[in-house]
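Here are my notes for a colleague opening this entry for the first time. Please keep the viewer open while reading.

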Amino acid sequence: MHVTHLSLADFRSYARVEVPLDPGVSVFVGANGQGKTNLVEAVGYLATLGSHRVSSDAPLVRIGADRAVIRAAVRQGERQQLVELELNPGKANRARVNRSSQVRPRDVLGIIRTVLFAPEDLALVKGDPGERRRFLDELITARSPRMAGVRSDYDRVLKQRNTLLKTAAMARRHGGRSLDLSTLDVWDQHLAHTGAELLAQRLDLVATLQPLAVKAYEQLAPGGGPVALEYRGPVGDVAVTAGREELAERLLGALAEVRRQEIERGVTLVGPHRDDLGLMLGQMPAKGYASHGESWSYALALRLASYDLLRSEGNEPVLVLDDVFAELDGRRRERLAELVAPGEQVLVTAAVDDDVPGVLAGRRYAVAEGAVEPV
């Protein structure tokens, strides 16, 4: 699978730009602030319905414009599709596939799949649990686009349950009458049901990703490691073969254990939204113990493992390397380039062409002042 054409209107710094793309390596070179990352960010948005740089859509719309449009032609084998997203901050986004407007934005998930390498990846190792949960959930959705709906349902139930808990906590603090919390049992059931589905997918993913991450780390840092991935949460020790019903029962039990604290604090204290992915390096957690170089190798190994997993499932993703080579030492730079060079489509951004290893020879584009020109 590869993108054959990218079109942007009022997206970030671009009033309008058209970029034809070929299979193989494409390198976008330009000084910082010229818009090269905006191009690959747009491709990533079509794949995930989100940006790797910001958490909301508003910064993606060019200043002075009301909306932004991302459009891409995608080829998989003999099949070609045209996918389009219209970003409307403060309103519902719109989607079109092959000119049809009868689709929801999440219906475009799976048409384009990407694996992104970026300077922000270091947060996978050194950052908060939310970074690692996002990594897992985006990869889950790439494998099975229907999980976008499950994630949305879980977030909706969690919001409703937290609202009830917050109201009860405020009433308790201000000496009011205790609220009827009988509906909390209903929300517990909903949370356990949707949470079990999400948890089952995460547990399966971690087990599948483990050997791939070990292999990738060894390729990047021969003789280092070993590395191990551990899912951490109240039911994280359940076997990956556990069924949804068993996981739901375990979640209900965990909720029952902390209900008193939840009512006091006004927030849901257990569930997939609080879990973490433990990253071990040898006998120690990578966070806090790994060196800067080891942390980079670990983050890159997670991305390479993701790529190997998606490729093995039959639809090779677009590889995006966003200004990552400038962050790496010479050895890791060359090793990463060798590992990704055979990809069906590799999109690279760099401030300086010399930062890109020679093995990634391919089409070059100069990016400056809102223009993207082949070199």
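1. **Ground rules.** This is a predicted model, in which local features need pLDDT of at least 70, side-chain atom pairs count only at pLDDT 80 or more, and totals for chains, interfaces and linings use all residues. Residues are numbered from 1 along each chain as its sequence is written, and side-chain values use heavy atoms, with hydrogens and water left out.

2. **The largest pocket.** Its space comes to about 1100 Å³. A pocket here is an open set of points on a 1 Å grid over the protein atoms alone, with protein on both sides within 12 Å along at least five of seven lines. Lining residues have an atom within 4 Å of a point. Points are joined across faces, edges and corners, and a volume is the space filled by probe spheres set on them. The lining of the largest pocket has 45 residues. Thr48, Gly50, Arg134, Glu138 and Arg151 lie nearest the centre.

3. **Who builds the pocket.** Two or more residues of its lining come from each of α1 (36–48), β8 (114–117), α2 (122–126), α3 (129–143), α4 (147–173) and α8 (292–312). Helices (H or I, at least four residues) and strands (E, at least two) are DSSP runs, numbered from the N terminus. Which element gives the most to the lining of the largest pocket? It is α3, with 10 residues. By class, this lining holds 17 nonpolar, 13 polar and 15 charged residues. Ala, Val, Leu, Ile, Met, Phe, Trp, Tyr, Cys and Pro count as nonpolar; Asp, Glu, Lys and Arg as charged; the others, Gly among them, as polar.

4. A cavity is a set of grid points where a 1.4 Å probe fits but cannot get out. The largest cavity holds about 40 Å³. Val74, Arg75, Gln76, Arg79, Gln81 and Ile111 line it. β4 gives the most, with 3. The lining divides into 2 nonpolar, 2 polar and 2 charged residues.

5. **The cores.** A nonpolar core is a set of buried Ala, Val, Leu, Ile, Met, Phe, Trp, Tyr and Cys residues joined through side-chain atoms within 4.5 Å. Buried means under 20% relative accessible area, exposed over 50%, and partly exposed in between (1.4 Å probe, protein chains only). The largest core has 66 residues. Phe117, Leu229, Tyr298, Leu321, Leu336 and Val348 touch the most other members. Helix α5 (residues 182–220) gives the most to this core, with 13 residues. Another core, of 40 residues, lies apart from it and includes Val19, Ala47, Val74 and Ala118.

6. **Leu229 close up.** Contact means heavy atoms within 4.5 Å. Leaving out residues up to four places away in sequence, Leu229 touches Val206, Leu209, Gln210, Ala213, Leu277, Gly278, Leu279, Tyr298 and Leu302.

7. **Gly195.** This glycine sits in helix α5. At 0% relative accessibility, Gly195 counts as buried. Beyond its neighbours within four places in sequence, Gly195 is in contact with Tyr154, Leu251 and Pro272. Gly195 and Asp155 are 40 residues apart in sequence, and their C-alpha atoms are 9.6 Å apart.

8. **Aromatic pairs.** The whole structure has 2. Rings of Phe, Tyr and Trp (its six-membered ring) pair if their centres lie within 6.5 Å; planes under 30 degrees apart count as stacked, over 60 as edge-to-face and the rest as tilted. The ring centres of Phe28 and Tyr365 are 4.9 Å apart and the planes are at 20°, so this pair is stacked. Phe28 is in strand β3 (residues 24–29) and Tyr365 in strand β14 (residues 363–368), 337 residues apart. Both Phe28 and Tyr365 are buried.

9. **Backbone and surface.** Asp10, in strand β1 (residues 2–11), has a positive phi near 55° and is not a glycine. Arg12 also has a positive phi, about 50°. Arg12 lies in the loop between β1 and β2 (14–20) and counts as buried at 18% relative accessibility. Arg173, in helix α4, is exposed at 56%.
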